[in-house]
Amino acid sequence: MISRLLELFLAYEEDPNVKLVMLKGEGRAFCAGGDVVAVVHDIWAGGWRAGANFFMKEFSLNYLMATYSKPQVSILNGIVMGGGNGVSMHGRFRVATENSVFAMPETALGLFPDVGASYFLSRLPGFFGEYVGLTGARLDGAEMLACGLATHFVPSAKLPMVEVALCDADSSDPVIISSIIDQYCEKSSLKEQTVYNRLDVIDRCFSQRTVEEILSALEREVVDQRDGWISATIQTLKKASPTSLKISLRSIRVGRVQGVGACLTREYRMVCHVMRGEFSNDFFEGCRAILLDKDKNPKWEPSKLEHIADTTVDRYFSKVKDEDWEDLKLPTRSKFNLPPYVIAKL
Amino acid sequence: MEQAFKRTQILTNHLLQSSPSSQTLSSNACLSYSPPELSENYAFDIKDMRKLIDRHNLEERDWLFGLMKQSKLFNPKVRGGKVFVSPDYNQSMEQQREMTLKRIEYLLEKGAFKGWLTEKGEDIEMRKFAGFEVCSIYDHSLFTKLGVHFFLWGGAIQFFGTKHHHDKWLRDTENYWIKGCFAMTELGHGSNVRGIETVTTYDSNTGEFVINTPCESAQKYWIGGAANHATHTVVFSQLHINGTNQGVHAFIVQIRDADGNISPNIRIVDCGHKIGLNGVDNGQIWFDNVRVPRENLLNSVADVSPDGKYLSSIENPDQRFAAFMAPLTVGRINIAISSVYQSKVALATSIRYALTRRAFSLKQNEPEVLLLDYPSHQRRLFPLVAKTYAMSFAANYLKMLYVKRTPQSNKTIHIVSSSFKATFTWNNMQILQECREACGGQGLKTENRVGQLKGEYDVQSTFEGDNLILMQQVSKALFAEYMAAQKRNKVFKGLGLEHMNKPCPVIPLQLTSTTLRCSQFQMDALCLRERDLLNRFVADVSKCKAKGESSEQAFMICYELAQDLGKAFSDRAIFQTFVDAETTLPAGSLKDVLGTLRSLYALICIEDVSFLQYGYLSVDNGANVRREITKLCTELRPHALALVSSFGIPDAFLGPIAFNWIEANAWSSV
């Protein structure tokens, strides 16, 4: 599917008849993410390079979408997780509905929020990005709109009308497209228990320098106010792969001050190290426990945050020491008239 | 004819610009912004280069950048689709001061200052340096308020105080339960600390020191933090015990209570509006026989017994004063190393701008030329990049010297920090001015940062030691080294003067391109100048003294040579750190580019008028040097973007003109 999307997007960019690209899912999901099980099987069969190949294609597609010279409208009517975010969040317009469920759940799997998440999560308000990336928290459509992951909220019943209106307008102008979608938007209210009302706690805790300090800060909050949500957050963090937590935090922090190309290049290095299992096998253990055997009881190794040195985390960010390995080569974009909102991401 | 001309122009733009896609004809005839990332290549890994010049605590820096970027307190603004953070300098003096304090409170709450006074060791010292460097990129007022509180007040407690002071004050300082300031400078005495006029006496009946401002020139002046917020201060004062003036000592005095009321017998007035740095509340302070307990004397070097006897382990008052003042070096180091970062902000902004801004065509119907494609523009900016890289390496050397300090290395640290502080801050102001001009009118816009930095940072050349005085101290120290070496059988040791022990270097008659780029030649030339000027300086000073002048008078008379010698020492010492950094690299494109930069730095030092004045270079060779500089600038053109991207300053902390300046100023953005 990644290869097919790449083909199509490349073709559409050159085709003057294509004014905008709309992406939507079939069924109850927009896209639940990459087929991680297939990647694992590929690696067992053909070595880590087979997995790397998949990610290389996927991140190239993500970059192409992030720097696309025409607007992309993604209709997120359902689950949008992991790789599904990679093919939607980088586009100009993301339309959420009452059915949307967003998540970047990679840390529970021994991976890390990739597909350029270190770019888009780090740019959410305050330290919400760290919270979402480390805990894999689920967000609904209203929450997605509130924090900026979605640009519009349209009730699912009106989606067909949006599609028709956009096709009729036949325009590439983001201002026109936005005002068309606006016409079908409805006010979405945040639910009472929304995490978005807890931004003060999130900022206090998830701004801390290290994962250990984030956990301590959360534990201090629980002492002050016995709070189910904070306890649940602590539990989620404790169940995630410690290595994943550390590299995810660093990835988001570094990504906050980098352009989207640099983020994807860096994430590619990280994912190659993960697949090579150089410092930890958590990715394979996570897939086994959650996706294959489904016992939901992964045995992480290293099992404790304290056992993971900063120097180990450093190594995930360095080049892979292999003759044949190369840094991610991003498609050239210089010959296109890139719109300002794309230029701002570079 | 006009029609045809216009038509040809439009067609030319089509062919030279972009894709035949959906844009209408009219927009193609306009200038459009093309980000430099798309047309320039990186010949080396900018992450590796950043690691080389920032050296330490990269992760901490990025975290701190993120803390500032993600908070509304740091005044985020969207320009051209990107977020920029920079203080609102349009606010009143009072508002700017409140914002500075609020920002400090935010960073404090996030744990940015954890361990800054209560932890010991090299790690925390390096982390503090990195933290200060990042704060200085955002705002000088933030940097200065923090510097006064942590390095001056906090440093005074740490280094001038003893255990009971540490126990009582360090934790409270680190947590900002008290706010400290540093009352040393007076209206009549700044650089000459020994001449200050505040007087303290001891009352053995009550066991108290009595601190007094005897006359108007003795009032404390420019005391950062004093006008609005500080609760405590370290007062520097002459100490009179039993009728004898024992010299300058330091005392802790509370100047405000927790509610902000000024303490009794203390008068404080605001110094007023400044040309920059208005986020710092500088105050004037008068002490009217203020009484403090005996324990408030910071007694690491000297003490007073309860019954009023003066005690000190150092007999000689000059040595005692030197030992006393030694800890202040870290403040000077902090200013030197952070000044390099303003140069980086200015250069990153102006070079990125010059990579996207065009002016004048060379031929009709051709597109206008990019600013950075003009050799004259390259000549303005690339030598400044070379200087900034040189200063980065020298700054790292200075930091290492400091954190690995021993009692024996204190003198070296004092001299090197004096030399570097003067050189870096002077360079900084030169770079800011040039970059402001290179940005044209846009350089006047406050939000573009470069111009505003000039006013904010101008003070660097005169505070923490006036630059001219610091350089004079350097030349005096070199004189003393010369004298000491004579006693040691003419063997020079320390301060990099070992080259004096070798035979005098010789400059070849014919300076070819290869020779000019050779690091050995470059070092020889700089060492030759330092050696010759040191010899001349010693000779002239000795001649004066032989005529009966005192040392001080002789130094005063020979000030021109002193200045030239100070510069020669600084250039050579900084160049050495550049060469040392280059040798650590494996062969490759990074090392090649750094080598070109290194040559450029060396040659602009050698281009200095002193080489012709004192005859180290012939007029012809001087011309060869200048020609080579132009060649080097041309060679560096392809690396311009990579070199400034390696500074590692996030986009949000540069000026909007470094990015899509057309969109930033578009009607739709208003």
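This is a predicted model: local features need pLDDT of at least 70, side-chain atom pairs count only at pLDDT 80 or more; totals for chains, interfaces and linings use all residues.
Three residues, Leu38(B), Trp63(B) and Gln70(B), supply 23% of the area that chain B buries against chain A, more than any other three residues. The contact involves 32 residues of chain B and 31 residues of chain A. Five salt bridges are found across the interface of chain B and chain A, and the side chains of Asp45(B) and Arg269(A) meet in a salt bridge with an N to O distance of 3.5 Å. Eleven residue pairs are in polar contact across this interface. On the side of chain B that touches chain A, the elements giving two or more residues are helix H5 (58-69) and helix H6 (93-109), and H5(B) gives the most, with eight residues. The residues of that side divide into eight nonpolar, eleven polar and 13 charged.

Within chain A, Ser100(A) is found in the loop between strand S5 (93-96) and strand S6 (101-103), and counts as buried because its relative accessibility is 1%, under the 20% cut-off. A polar atom of the Ser100(A) side chain lies 2.5 Å from the backbone oxygen of Leu76(A), and a polar atom of that side chain lies 2.8 Å from the backbone nitrogen of Thr97(A). Beyond four places in sequence, Ser100(A) touches Leu76(A), Gly78(A), Leu139(A), Asp140(A), Gly141(A) and Met144(A).

For chain B, an unreviewed UniProt entry lists residues 328-478 as "domain: Acyl-CoA oxidase C-alpha1"; over these residues the chain is 69% helix and 0% strand, with the end C-alpha atoms 21 Å apart.

Methods:
Residues are numbered from 1 along each chain as its sequence is written. Chains are lettered from A and ligands numbered from 1 in the order in which they are written. Side-chain values use heavy atoms; hydrogens and water are left out. UniProt positions are given in the numbering used here, feature names are shortened, and annotations may be inferred rather than shown by experiment. Helices (H or I, at least four residues) and strands (E, at least two) are DSSP runs, numbered from the N terminus. Buried means under 20% relative accessible area, exposed over 50%, partly exposed in between (1.4 Å probe, protein chains only). A polar contact is a pair of N or O atoms within 3.5 Å; within protein, one must be able to donate a hydrogen and the other to accept it, and residues adjacent in sequence count only if both atoms are side-chain atoms. Contact means heavy atoms within 4.5 Å. Buried area is the accessible area (1.4 Å probe) that two parts lose on being put together, summed over both. A salt bridge is a side-chain nitrogen of Lys or Arg within 4 Å of a carboxyl oxygen of Asp or Glu. Ala, Val, Leu, Ile, Met, Phe, Trp, Tyr, Cys and Pro count as nonpolar, Asp, Glu, Lys and Arg as charged, and the others, Gly among them, as polar.
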